[in-house]
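Me: I have just opened this structure and would like to learn how its features get their labels. Could you go through them with me?

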Amino acid sequence: MYSSLVFLSPDNPCRGALEMAAQKINEGLEHIAKAEKYLKTGLLKWKPDYDSAASEYGKAALAFKNAKQFDQAKDACLREAVAHENNRALFHAAKAYEQAGMMLKEMQQLPQAVQLIEKASMMYLENGTPDTAAMALERAGKLIENVNPEKAVQLYQQTANVFENEERLRQAVELLGKASRLLVRGRRFDEAALSIQKEKNIYKEIENYPTCYKKTIAQVLVHLHRNDYVAAERCVRESYSIPGFNGSEDCAALEQLLEGYDQQDQDQVSEVCNSPLFKYMDNDYAKLGLTLVVPGGGIKKKAAATPEAKPEGTTAPAAEEEDEYAGGLC
């Protein structure tokens with residue numbers, strides 16, 4: 001009883017907030033009623049006034065949003081979008097669909113939110129505003145990234161394609177980078193290798209050669225996690241054509257890494273992967289380096305070890321003669 005009296009006290013700030021919310025809800029309902037009047041037809045009004053109705057639905061959505069009634073705000077946005085579509089105002093319809101998606105985001109209905117934002121982006125493209133379409137797709141990717149990384153990869157790749165078609169390569173490669181890192185995080189290494197190669201091609205095209213070196217390191221790590229030494233070696237060999245790569249610290253480190261991997265020398269591989277050059281890469285690639293294990297259990301060859309003296313006339317056991325293959329073929 002006492003708590004109820006406190007709640008109803010005129011000085012209680014919660015009461016003011018509730019009254020404000022109720023006022024905004026009523027305001028939203030009034031705008032909905034006006035919008036429906038604009039859509040009605042009769043003897044003297046043969047065509048609905050879609051423009052005025054859309055405006056009223058938009059005001060209603062804002063009022064409901066301010067009252068934190070996100071479900072009602074979403075419905076108002078959808079009605080606004082349909083009114084704009086009927087009025088052939090594609091850009092405004094897309095904006096309304098995007099806003100409806102953001103209301104779903106507030107309701108934690110992320111897959112449905114992304115679906116509406118994707119629809120909005122397609123309408124932006126149809127309207128001839130690809131930049132706005134790309135930004136909407138990127139926003140959708142960020143929303144869904146932690147819930148459905150596979151969908152986020154698709155959205156980032158779509159965004160990159162839009163930017164690439166508009167010859168905005170820097171923005172395109174940034175989105176491809178996000179997709180590549182998510183693919184690595186999900187251990188989808190075959191797709192990651194292709195994605196990183198596409199990044200590398202664009203960086204080469206815009207003459208950002210130092211970043212090409214870093215992408216080569218990422219590629220090699222991905223290929224080695226795929227157990228494809230041949231692809232990793234070919235990747236380094238092809239990178240010699242990139243200006244400045246041959247003779248760079250990146251090149252030297254990769255040659256040392258491949259040598260250690262080929263020789264089944266886990267110590268050498270670990271030393272390279274623990275160097276600052278590898279450890280301070282993007283976190284997803286740094287983890288690839290730290291978890292890289294050479295085949296055969298990482299048995300280190302000791303060809304340079306001094307053999308123990310043996311009595312004259314004795315021969316080494318057959319097992320020692322075949323020690324070259326003790327770890328298995330690389």
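Me: Glad to have it here! What makes Glu207 count as exposed?

Reply: Exposed means over 50% relative accessible area, buried under 20%, and partly exposed in between, with a 1.4 Å probe and protein chains only. Glu207 has 57% relative accessibility, so Glu207 counts as exposed. A word on the source: this is a predicted model, where local features need pLDDT of at least 70 and side-chain atom pairs pLDDT 80 or more, while totals for chains, interfaces and linings use all residues. Residues are numbered from 1 along each chain as its sequence is written, and side-chain values use heavy atoms, leaving out hydrogens and water.

Me: Where is Glu207, and what is its phi?

Reply: Glu207 is in the loop between helix H10 (189-205) and helix H11 (209-225). Helices here are DSSP runs of H or I with at least four residues, strands are runs of E with at least two, and both are numbered from the N terminus. The phi of Glu207 is positive, near 60°, and the residue is not a glycine. Most residues other than glycine have a negative phi.

Me: How do you know whether Glu167 is buried or exposed?

Reply: The relative accessible area of Glu167 is 69%, so Glu167 is exposed. Glu167 sits in the loop between helix H8 (149-165) and H9, and has a positive phi of about 60°.

Me: Why are H12 and H13 called roughly antiparallel?

Reply: Their axes, lines fitted to C-alpha atoms over the stretch in contact, are compared by the angle between N-to-C directions, from 0 to 180 degrees. Under 35 degrees counts as roughly parallel, over 145 as roughly antiparallel, 65 to 115 as roughly perpendicular, and the rest as oblique. The axes of H12 (residues 229-239) and H13 (residues 249-262) cross at roughly 160° and come within 11 Å, so the two helices are roughly antiparallel.

Me: Which residues of H12 and H13 meet?

Reply: Contact means heavy atoms within 4.5 Å. Tyr229, Ala232, Glu233 and Val236 in H12 meet Leu254, Leu258, Tyr261 and Asp262 in H13.

Me: What makes a group of residues a nonpolar core?

Reply: Its members are buried Ala, Val, Leu, Ile, Met, Phe, Trp, Tyr and Cys residues, joined through side-chain atoms within 4.5 Å. The largest such core has 87 residues, and Val220, Leu221, Leu224, Leu257 and Phe278 touch the most other members. Helix H9 (residues 169-185) gives the largest share, nine residues. Beyond neighbours within four places in sequence, Phe278 is in contact with residues including Ile217, Leu221 and Leu257.
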